[in-house]
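Please look through the chain shown here, with its strands, its core and its aromatic rings in mind. The paragraphs after it take these topics in turn.

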Amino acid sequence: MGAIDSPVLIVIKDSLDEIFGAFLSHPLRPSETFYGTGETFLFMLHPRFKCFKWTGENSFFIKGDLDCFAIGGGSGHFGLWVDESLYVGRSSPCYTFNNCCLSETADFHIMELEVWTFS
């Protein structure tokens with residue numbers, strides 16, 4: 001497996017000092033449809049730890065374009081959505097991961113964002 005197909009870890013710290021993110025089975029790329037596998041999951045790290053694995057309900061893992069990227073979905077809601085500025089995000093419960101809102105408020109401001117890849 002080449003670096004181009006390596007899994008990706010996204011970690012976000014918001015303006016309320018909450019830390020959360022996603023592990024992606026595949027890197028972010030522009031896509032008309034959702035892609036990825038059930039290895040993708042969402043998580044919260046601080047102030048509490050919780051992991052949200054694939055429910056099997058749908059396959060809305062990863063989707064990205066030049067305006068935003070989204071992880072998880074169903075009924076018009078994304079588990080994690082980040083806009084093109086990488087400054088504004090939103091988290092909602094979604095069928096893909098049966099997650100709660102990852103941040104204290106549905107809409108959040110990103111103070112720090114790290115992306116790690118694995119080879």
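The model is predicted. A pair of aromatic rings is described by the distance of the centres and the angle of the planes. The structure holds seven aromatic pairs. For F34 and F78 the ring centres are 6.4 Å apart and the planes stand at 40°, so this pair is tilted; the tilted class lies between under 30 degrees for stacked and over 60 for edge-to-face. F34 sits in the loop between strand 2 (19-24) and strand 3 (41-46), and F78 in the loop between strand 6 (68-71) and strand 7 (80-83), so the pair ties together parts that are 44 residues apart in sequence.

Other rings group or meet charges. One aromatic cluster is formed by F23, F41, F43 and F118. R29 is placed over the face of Y35, 3.8 Å from the ring centre. Likewise, R90 lies over the face of W81, at 5.9 Å from the centre of the ring.

Strand 6 and strand 7 pair in the antiparallel sense over four bridges. A70, in strand 6, also stands opposite K63. Strand 5 (residues 62-64) pairs with strand 6 in the antiparallel sense, over three bridges, and a hairpin of three residues joins strand 5 to strand 6.

What lies inside? The largest nonpolar core has 21 residues, and those with the most contacts inside it are I12, L42, I71 and L80. Two or more residues of this core come from each of strand 1 (8-14), strand 2, strand 3, strand 6, strand 7 and strand 9 (107-117). Not counting residues up to four places away in sequence, I71 touches, among others, I10, A22, L24, L42, L80 and F97.

L24 belongs to strand 2. With a relative accessibility of 0%, L24 counts as buried, since buried means under 20%. Leaving aside neighbours within four places in sequence, L24 is in contact with P7, V8, I10, T40, I62 and I71. L24 and W116 are 92 residues apart in sequence, yet 10 Å apart in space, C-alpha to C-alpha.

Methods. Residues numbered from 1 in each chain as written. Predicted model: local features only at pLDDT ≥ 70, side-chain atom pairs only at ≥ 80, totals over all residues. Heavy atoms only, no water. Phe/Tyr/Trp six-rings, centres within 6.5 Å; stacked < 30°, edge-to-face > 60°. Lys NZ or Arg CZ within 6 Å of the ring centre and 35° of its normal. Buried < 20%, exposed > 50% of the residue type's maximum accessible area, 1.4 Å probe, protein only. Contact = heavy atoms within 4.5 Å. Core = buried A, V, L, I, M, F, W, Y, C linked by side-chain atoms within 4.5 Å. Pairing = 2+ DSSP bridges.
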